[in-house]
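Subject: Structure handover

Hello,

The structure is pasted below for your files. My notes on it follow directly.

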Amino acid sequence: MTQAFRLENGGLINRDKKLSFKFNGKTYYGYEGDTLASALIANGVHLVGRSFKYHRPRGFFGAGVDEPYAIVQLYRNNETEPNIKATEQELFEGLEAKSVNCWPSVNFDIGAINNFLKIFLPAGFYYKTFMWPKSFWYRVYEPFIRKAAGLGVASTKHDKERYEHKYEYCDLLIAGSGPSGLASAYAAAKNGARIILAEDKPRFGGSLLTSDVNIGNQSGEDWANSIIAELKEMPNVVVKNRSQVFGYYDHNMLVMSEKVSDHLPKTKKYHPKQRLWYIRAKEVLISSGSIERPLVFGNNDTPGVMLSSAAKEYLKVYGVLVGKNPLVFTNNDSGYETAIEFKKNGINPIILDSRVNPQSEIINEAINLGIKIKFSYVVVAAQGYKKVNSADIAKISDNKKQLGTVENIKCDCICVSGFWTPTIHLASQSGNKTKFKEEIDAFVPGTSKQNETTLGAANGIFTLEETLKDSFTAGQDLSKKITNNDNKISFPNVVEKKSSQHDKFWCVPLPEGKNYKRFLDFQNDVSVSDIEIALKEGYRSIEHVKRYTTLGMATDQGKTSNLNGLQLVSEIENKVVPAVGHTTFRPPYTPISIGAIVGREVGKHSKPTRKSPMHSWHEKNNAIFVDAGVWLRPRYYKQGNETLFEASKREAKNVRTNVGVCDVTTLGKIDIKGPDAAELLNRVYTNAWLKLPVGKARYGVMLREDGIVMDDGTTTRISENHYHMTTTTAQAANVLSHLEYYLQLVWPELNVNVVSTTEQWAGAAIAGPKSRKLLEKLFPNNDVSNEGLPFMGYLESDLFGVKARIFRISFSGELAYEVNVESDNGNFMWEKIIKLGQEFQVQPYGTEALSTLRIEMGHVAGSELDGRTIPYDTSLDGLVSKKKDFIGKRSLNREAFISEDRQKIVGVVPLDKKTSIPEGSHLVKDAKAPLPNKKLGHISASCWSVEHDNPFSLAILKDGKNMIGEKLFVMSPLKNKVIPVEIVSSHYVDPKGERVRS
Amino acid sequence: MLHIKCPYCGMRSQNEFSYGGDASVKRPELNKEISDQEWDSFVYNRKSLRGKHLELWQHLSGCRQWIKVERDTATHEIFNTHKADEEIS
């Protein structure tokens, strides 16, 4: 037990619960309520990583979300996660973490040689150096940069954790539970508004936990606790800690990430690790506070140099000393608060204040406590490599240009305060044009863009009394608008110390003859000289300077560096800061895990899975399934050791010789009713529909307005004003929207209703020469002869007591029927077909055999109707009516569509009758022609013809009409194949279509 | 994510809708003789406006009605929504 930097008392940690954890393999102890950072500092560990570019030693700089240094690789419950901020990660028993960006170890890092080569690594180094020779990029430069860069290693294992999404609505969303968040939430809650109050840290209260103030005769912390306790009891209030509102999107939708289990050794059963909240709020109160700005001086990145507010937070929240011999370097009164806290705990700090002669209550208190203060003094440079051991300090002239004699004083940490930067990210994301506030040298939100109101420090207001007053009023007024309640809240008495004006000075000049690095961006190692180089090289826009130098990039997104960067640019350019402007604030405010963004939509849950009513039968009968859109369809039914090829050949052959049955439930089905139904079909399809008799089906093709084929299928006239349309599986949803579009917007005068019935009917296609015999067994009371039920005929019947529809239609090109029953009876139908079909050698067939059958028949499907073909291309031009108008007809006259050598569907057979032709291959005239070899067409679908027992493909070929009999080559560079082929008719089997009519 | 007021169902999130393009486009009447230019401009030519735009959306995962939405394409502000057959002044 060597928590040498832990105070005997104090802090908000639970000293009764000691936790052990490992950092870089060494075991340490901390307490419940610690962060990994506070526990490490308590153990005197200040070296936690190496910097991105120069591999300089890295310690802790902040105590929260703004942390640029302490990024670790976390190990939890056999999983690992990169880029975890030690300042945010709560300690749990058994936590393990490692440093990143160092090799072989954090104490001895070979990459640190970059530090001595820094002259070679200026701004834009990578852009300038790795340009040539070109061939070096993939072999040398990229692998080198990849190895050198990066902050951690992502796990390659499947993430077993669960992440959830939640949608929520509220009247007021309040982001941040500091004084402004609590006051506004309290006032609005009293008015009965529905509220979500979000706090990114584990503890509520924000700055109240660390500041020495009094509200209504309570300490700030006690007041915060009492308000939170009361809010938690109210039914209209949701209070969430560990929850970061990170994005403000359109129409007042905000996204919040709740870390449900990251602070626990293991996620509890049935709990998610993280939860992403999509919140639609009527009003948004941004009470996100502010972040302290660093001061810039030589070697200001040395471990031990940190924000004074962070030092205070480690003291007051965690009971941890960041050093025992602290130096506080400040340009405003905030540094004094930290110094006073040190003093109260028996530590003697020294304050260096850049101001000449400031006067305020806090300064007087520090003087009265006997703290040593040096006015007009600055830190010139921190000394020490892995930890600060002393500081070079000097007096600075009133104009801040000249340094006096440099002296060295011993210290073990330097707490810096360069005043405060309002956290305006959410306001800016909402579209708010920010404005520069001269008094605080920072940007604050301007006029609200959406329904957002920014309060307190986030709005550039740094006194507690004003913050509370504004926030009570905002909470009251905004909730009153929504609930019409008007509960008056008496304003509590506030005691706080008055501050004096801060100093605009922030960057210490270099002493004569010294070339210290003065860092602006601590995560990306961007120093003052880098910005100077970028500007010298002509970069002007702040967005360009950012990308060239990497200022304000990476995981902290410049939370501590942006404003200092802007100030430097404006100084060099001799412009005012608002003229330079700031880079765009984009969500997320802080890194969000990919798991949280994906949520539950992982693997099979990434889209719905639709199964036909016969699915369990298929499963029991060794079906191998394939994804068909969102549907699962049997691809083939495996017998013994069969391969896909063998099984599909067997199934297809059985259809051609006996009878097969295929589950066609997935086909889109649309019920069309109304007196103008025929007229609608006549306008939607290319062929004529007005004279289709009741009880008959017809095949139709529909186009888009640009003349391209959209879909095909059969539609059956069930009764006078009632039709049953089928679509392809893939286009079902689009066709329905298409019909609704024309009915609702273009021809609202048509009296027709359309509705999807895809899921209401189960369908089985019964195909093969013996299908009629099987049908006779299934429907003994019906006349299913060629006369009683001719090709394209329709019958309503019952299948052993179950209502059934029988369509005589064929996709396989054989004598075939399609039977539909209500979905609940699907399995009953299927089992009857299988049972009664035994004597006719019935076999189920899957989509692979289905494709084979349609390809050798030359029937087109999705691979030919691919969004690029017109009816002519697919030999469907016979279905295009010359007499009537229909959707897309006018486009068919386009020049390219009527050209003489227009592409057309053809059949392709390899000359050796053996070599399979890969789908997607190109057809060329001369296999040996120099590249680029002119493409004449492409293979759209391939199969092994069971009728001819050789490979057969369909192709879309230029001038296909006149190419029958030609010898061409199929080329597939992907499969390294060149196959000599002959072009034949696309109707390879039964070209006259006799079987379907037999 | 946009928040769109369906005239039939009320305020709904954008993910219930699908976008349908410019609502001011009129399909030429059936069987009407028109020039190639007129037809091409109906099929292909759309203005890509920055600013106020009248557009079609279908409440796909809701009432399935096509509606007209007056929206600013630059700011995403929605001024008004209308039923398909509503006259827009």
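In chain A of this predicted model, the axes of helix α12 (residues 528-536) and helix α13 (residues 542-549) come within 10 Å and cross at roughly 120 degrees. Axes here are lines fitted to C-alpha atoms, for helices over the stretch in contact, and angles run from 0 to 180 degrees between N-to-C directions. That angle makes α12(A) oblique to α13(A); under 35 degrees counts as roughly parallel, over 145 as roughly antiparallel, 65 to 115 as roughly perpendicular and the rest as oblique. The crossing of α12(A) with α13(A) is right-handed, a term used if the near helix is turned clockwise from the far one by less than a right angle, and left-handed if anticlockwise. On the α12(A) side D530(A), I531(A), A534(A) and L535(A) meet V545(A), Y548(A) and T549(A) of α13(A), where contact means heavy atoms within 4.5 Å. By class, this contact has 5 nonpolar, 1 polar and 1 charged residues. Ala, Val, Leu, Ile, Met, Phe, Trp, Tyr, Cys and Pro count as nonpolar, Asp, Glu, Lys and Arg as charged, and the others, Gly among them, as polar.

Helices (H or I, at least four residues) and strands (E, at least two) are DSSP runs, numbered from the N terminus. Residues are numbered from 1 along each chain as its sequence is written, and chains are lettered from A and ligands numbered from 1 in the order in which they are written. Local features need pLDDT of at least 70, side-chain atom pairs count only at pLDDT 80 or more, and totals for chains, interfaces and linings use all residues, while side-chain values use heavy atoms, with hydrogens and water left out.

Helix α5 (residues 179-190) of chain A has 11 of its 12 residues buried, so it is largely enclosed by the rest of the structure. Buried means under 20% relative accessible area, exposed over 50%, and partly exposed in between (1.4 Å probe, protein chains only). The cover over the buried residues of α5(A) includes β8 (163-175), α6 (220-233) and α11 (464-483) of chain A. Just after α5(A), G192(A) takes a positive phi of about 85 degrees.

For helix α18 (residues 644-657) of chain A, the buried residues include R650(A), E651(A) and R656(A). Among the elements covering the buried residues of α18(A) are β33 (631-637) and α23 (847-857) of chain A.

G565(A) sits in helix α14 (residues 562-573) of chain A and is buried, at 0% relative accessible area. Leaving aside neighbours within four places in sequence, G565(A) is in contact with L520(A) and L551(A).

Most residues other than glycine have a negative phi, and most peptide bonds are trans.

- P587(A) and P588(A) are joined by a cis peptide bond, omega about 0 degrees.
- L931(A) to P932(A) is also a cis peptide bond, with omega near -5 degrees.
- D441(A) has a positive phi, near 50 degrees, and counts as buried at 7% relative accessibility.
- N622(A) has a positive phi of about 60 degrees and is partly exposed, with a relative accessible area of 45%.

Chain B has 1 helix and 6 strands, in the order β-β-β-α-β-β-β from the N terminus. Of its 89 residues, 39% are buried.

Regards
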